[in-house]
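Hi everyone, thanks for coming.

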Amino acid sequence: MKTSARRIGVVGVGMCVPKKVLTNADLEKMVDTTDEWIQTRTGIRERRVVEPGMATSDLAYDAAKEALKRAGCHAKDIDLVIVGTTSPDMLFPSTACLLQHRLGAKSAAGFDLSAACSGSVFSIITAQQYLQTGRFKRALVIGAEVLSGFVDWTDRSTCVLFGDGAGACVMSRVSRGGILATDLGCDGSAAEFLCIPGGGSRQPPSHASIDQRLHYLRMDGTEIFKLAVRRMAESAQTVIKAARVPADKIDCLIPHQANIRIIQAMAKRARLPMEKVYVNVDRYGNTSAASNLIALYEAVQEGKVKRGSHVLLVAFGAGLTWGSVLLQW
Ligand code: ACO
C-alpha cells in the first residue's frame, strides 16, 4: 500500500546482542554437525546466546535505550511501545508492559505483537498507523528474541540456525522522506511448517508435553525455504511498485536474516543486486523478530544507509507471515 497523508519515519535506531558468542565449532561439540555444513547451507558462522536468567526484555531494554538516545528523546516522550516477539519474558503480562515500566515511559501504552520473524516489520507498520492518525506522536518499536530457550539443543536441523538479540527504533512524524509504501500478509495454512506446538492453550505444559519435547521449535526447513524466497520476493516487488520507486533506486535491501541462500535467492527473484543487500546472518544467525532492526542499525552505522537513501526492509516468518517497508532515510 502506498503511504499518504502524514509522513512517518524512523528517527533513531538501537540494538543489543548478548556478549556470549556460540560458534559453529562450539556446536560441533554439542550435535553431529560441522562448521563446513553450517556455513555452506546457511552462511552462519556464529550467533549470540544469553546467559541463564537473561530474558527478552533485558535485551529489548538496552536496544531501546540506544534508540532513544540516537533519536534525541527520553522515555517520557514515548506514547506507544510495541514489542515484536515470539519469546516474551512470560505469556503475560506483555514484554511491552515490563519494558514500559523499566524505561519509565510513564505516558505510553504498549503491547506485544506476535508475527514471528516478521515481528519488526509488522510492528513498524502497526506503529505507523497510530502515528498517521495522530493518535500517538512518538512510538518505540522493538523486535526482541531469546529463542535460545525454545530451541532444542539436541536437534541439529534447527539449533544451528538461531541466535538471541534485539533491535529497536523510535518513530515519529518527519518533514521529509519517511515510509513510502508497506505490504503485509499471512497464511495460516502453512502454520505447522514452523511452530512451537506445546505450552499454549492447545497443549498446555505438562510432564507429557515436556517428555515429547513439544515446547521446542519445530521446522520443515525445505518448505520454509521455498515459501520464504517466494513471499519475500513478491512482497519486495509489491512495495517497489506501490511507491513508484524504480528498483535501481533502492540503495539498501535489508532482508530478514535467516539463511544466506534464502537472501540470495529472494534478491535474485526480486531483481535486486547482492551489492545492495545488507547481510549479517554470518555473525548473528536468525534472530527472528530482531533481525531486520539489528541489520538496519548496522547498515546505518556502516554508512550503507545515509540521509536520502531508499531502504527496503523485507521479512518472512512463522505463521506464515511476511511484509515489507520501503522508506527514505
Ligand atoms: N549438520 C549436518 N547435517 C545436517 C544438519 C546439520 N546441522 N541439519 C540437517 N542435516 C542433514 C539432514 O539430516 C539431511 O541429511 P539426510 O540427507 O541424510 O537426511 C541433510 O543434512 C540435508 O538436509 P536438508 O534439509 O535437505 O538441507 P538443506 O540444504 O535444505 O538445508 C536448512 C537445511 C539449512 C534448514 C534449509 O532448509 C533452510 O535454511 N531452510 C529455511 C529454514 C529457516 O531459515 N528457518 C528459519 C526460520 S524461518 C525464517 O526465519 C524465514
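Let me start with a term: on a 1 Å grid over the protein atoms alone, a pocket is an open set of points with protein on both sides within 12 Å along at least five of seven lines. A molecule sits in a pocket if more than half of its atoms lie within 2 Å of its grid points. Here, the ligand takes up the space of the second largest pocket.

A word on the source: this is a predicted model, where local features need pLDDT of at least 70 and side-chain atom pairs count only at pLDDT 80 or more, while totals for chains, interfaces and linings use all residues. Residues are numbered from 1 along each chain as its sequence is written, and side-chain values use heavy atoms, with hydrogens and water left out.

So who surrounds the ligand? The side chain of Thr-33 places an N or O atom 2.6 Å from a ligand nitrogen, and the side chain of Arg-41 has one 2.7 Å from a ligand oxygen.

Now to Val-11, in strand β1, residues 8-16; a strand is a DSSP run of E, at least two residues, numbered from the N terminus. Beyond residues up to four places away in sequence, Val-11 touches Arg-70, Ala-71, Val-170, Met-171, Ser-172 and Val-174, a contact being heavy atoms within 4.5 Å.

How values were computed. Helices (H or I, at least four residues) and strands (E, at least two) are DSSP runs, numbered from the N terminus. A polar contact is a pair of N or O atoms within 3.5 Å; within protein, one must be able to donate a hydrogen and the other to accept it, and residues adjacent in sequence count only if both atoms are side-chain atoms. On a 1 Å grid over the protein atoms alone, a cavity is a set of points where a 1.4 Å probe fits but cannot get out, and a pocket is an open set with protein on both sides within 12 Å along at least five of seven lines; lining residues have an atom within 4 Å of a point.
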